[in-house]
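These are my notebook entries on a single chain, written while I had the sequence and the model open side by side.

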Amino acid sequence: MMKKSSLEKCRTKRGIKLLLCGMLILLLAGCGSTKAGPAEDTGTYAAEPDSLKQAGLGAMSLLYDDSVWTYAEAESTDASLVFRDADDSVLGVSCSRESYYQHPLDMLNTAKQIYMTFAGYKEIEAPAEVQVQGESWYEWCCSYEEDGIETVVLQRFYGKNYYAYAVSYTAEKEAYDAGKNEALKVMNSAVMSVPDNDAAEEKAKEFLTGEWDLGDAGYLVMGQDGTYAWYMDSSKDEKNMHRGTYGCDVENTTVGFAEGEGIYFVLFPEVLYADGKEGQTGSPKYDYLVSLEQQPDGSYQMLNGATLVLYYMKKQ
């Protein structure tokens with residue numbers, strides 16, 4: 001077998017970095033009409049008006065130094081931005097509008113499952129919540145090997161209702177430290193303006209708020225304030241339950257129902273108690289679809305969107 005030339009190896013590495021950048025969010029669906037690409041500096045950051053440019057993607061805007069980062073227009077799309085530095089390290093940004101409400105930790109876990117299949121995979125930094133311009137992101141860092149060369153990836157994830165955003169910095173280990181601070185400057189400049197879903201949520205809460213008997217599956221209490229508690233039985237014993245917050249909607253056209261036909265809600269668990277011992281649930285979020293066609297006994301069918309397990313919920 002013929003060995004690859006230096007040029008072929010270079011092209012292969014560029015392609016691999018771009019491919020991994022695209023793995024930030026699976027099944028990109030686009031996220032609005034905002035055109036992806038660099039824009040003129042708005043002057044908002046008056047301390048450095050001549051050294052920074054603004055880039056926009058969906059409901060995200062960020063600043064970058066074009067003396068450090070070169071915008072790779074040919075590699076970018078309406079749902080992604082790609083920048084490269086002098087070491088050919090990649091700064092990638094991507095966004096999507098998903099079928100269900102998003103949680104950044106769930107997005108991160110999906111990315112982790114992919115990277116864990118790569119040769120030489122190692123977790124460098126455990127997932128951690130970070131604050132950026134008043135918004136909550138989750139950050140994570142890992143490394144893997146490609147053609148025997150160690151590559152490091154620093155990623156951040158953001159989710160709000162149906163919208164998912166991710167930013168990553170990918171570099172060979174020898175070049176990683178040289179570009180990390182410049183990558184963080186871009187990441188730390190991100191300003192989000194994702195639209196809320198408050199009006200639809202208030203309508204959905206009119207149906208959801210209250211106490212629901214789920215039979216053998218337990219007892220679900222949903223508050224008007226967006227909090228919930230799921231007990232293992234109707235005794236509402238706090239030694240066996242999980243609680244947190246929830247989001248909801250009166251329609252979900254992606255999965256096939258319009259307003260008046262069903263209710264979508266998602267639980268975001270914060271703590272789990274089993275026999276009085278505190279722990280965590282297996283997932284950062286759980287999606288459910290409720291049919292508004294009432295059953296003869298007064299119950300409603302409730303389907304887990306991931307496992308397709310069917311429940312019957314009855315208002316108390």
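Entry one, the cores. Which residues have the most contacts inside the largest nonpolar core? I kept in mind from the start that this is a predicted model. I found that the largest nonpolar core has 33 residues, and that those with the most contacts inside it are Met60, Trp69, Phe83, Leu91, Trp137, Tyr165 and Tyr169. I then took Met60 and, leaving aside its neighbours within four places in sequence, listed its contacts as Ala55, Val93, Trp137, Tyr165, Val167, Ala190, Val191 and Met192. Apart from this core I noted another one, of 22 residues, which includes Ala200, Phe207, Cys248 and Val250.

Entry two, the chain as a whole. I looked up the secondary structure and recorded 4 helices and 20 strands in the chain. Of its 316 residues, 47% are buried. I also looked at contacts between residues at least 6 apart in sequence, and of these 51% join residues at least 24 apart.

I checked the length of α2, residues 104-115, against expectation: at 1.5 Å a residue its 12 residues should span 16 Å, and the end C-alpha atoms are 17 Å apart, which agrees. I next asked which residues of α2 are buried. They are Pro104, Met107, Leu108, Ala111, Lys112, Ile114 and Tyr115. Because these residues cover an arc of only 155° around the axis, I place them on the same side of α2.

I recorded a volume of about 410 Å³ for the largest pocket. Which residues lie closest to its centre? Of the 20 residues that line the largest pocket, I found these to be Gln102, His103, Gly159, Lys160 and Phe268. I then looked up the elements that give two or more residues to the lining, and these are β8 (135-146), β9 (149-160), α4 (198-208) and β15 (241-249).

Asn161 is placed in the loop between β9 and β10 (163-172). Is Asn161 buried or exposed? Its relative accessibility is 11%, and since the cut-off for buried is under 20%, I count Asn161 as buried. Leu308 is not a glycine either, and its phi is positive, about 65°. I located Leu308 in the loop between β19 (300-304) and β20 (310-315), and with a relative accessible area of 60% Leu308 is exposed.

I placed Gly276 in the loop between β16 (262-274) and β17 (277-279), where its relative accessibility of 41% makes it partly exposed. Gly276 and Lys239 are 37 residues apart in sequence, yet their C-alpha atoms are 4.0 Å apart in space. Ala274, in strand β16, is partly exposed at 39% relative accessibility. Not counting residues up to four places away in sequence, I found Ala274 touching Lys239 and Asn240.

Entry eight, Tyr312. I found Tyr312 in strand β20 and, at 39% relative accessibility, recorded it as partly exposed. Leaving aside neighbours within four places in sequence, I listed its contacts as Asp213, Leu214, Gly215, Gln295, Ser299, Tyr300 and Gln301. For one of these, Ser299, which is 13 residues from Tyr312 along the chain, I noted a C-alpha separation of 6.0 Å.

Conventions:
Residues are numbered from 1 along each chain as its sequence is written. This is a predicted model: local features need pLDDT of at least 70, side-chain atom pairs count only at pLDDT 80 or more; totals for chains, interfaces and linings use all residues. Side-chain values use heavy atoms; hydrogens and water are left out. A nonpolar core is a set of buried Ala, Val, Leu, Ile, Met, Phe, Trp, Tyr and Cys residues joined through side-chain atoms within 4.5 Å. Buried means under 20% relative accessible area, exposed over 50%, partly exposed in between (1.4 Å probe, protein chains only). Contact means heavy atoms within 4.5 Å. The expected span of a helix is 1.5 Å times one less than its number of residues. The arc is that of the directions from the helix axis to the C-beta atoms. On a 1 Å grid over the protein atoms alone, a cavity is a set of points where a 1.4 Å probe fits but cannot get out, and a pocket is an open set with protein on both sides within 12 Å along at least five of seven lines; lining residues have an atom within 4 Å of a point. Grid points are joined across faces, edges and corners, and a volume is the space filled by probe spheres set on the points.
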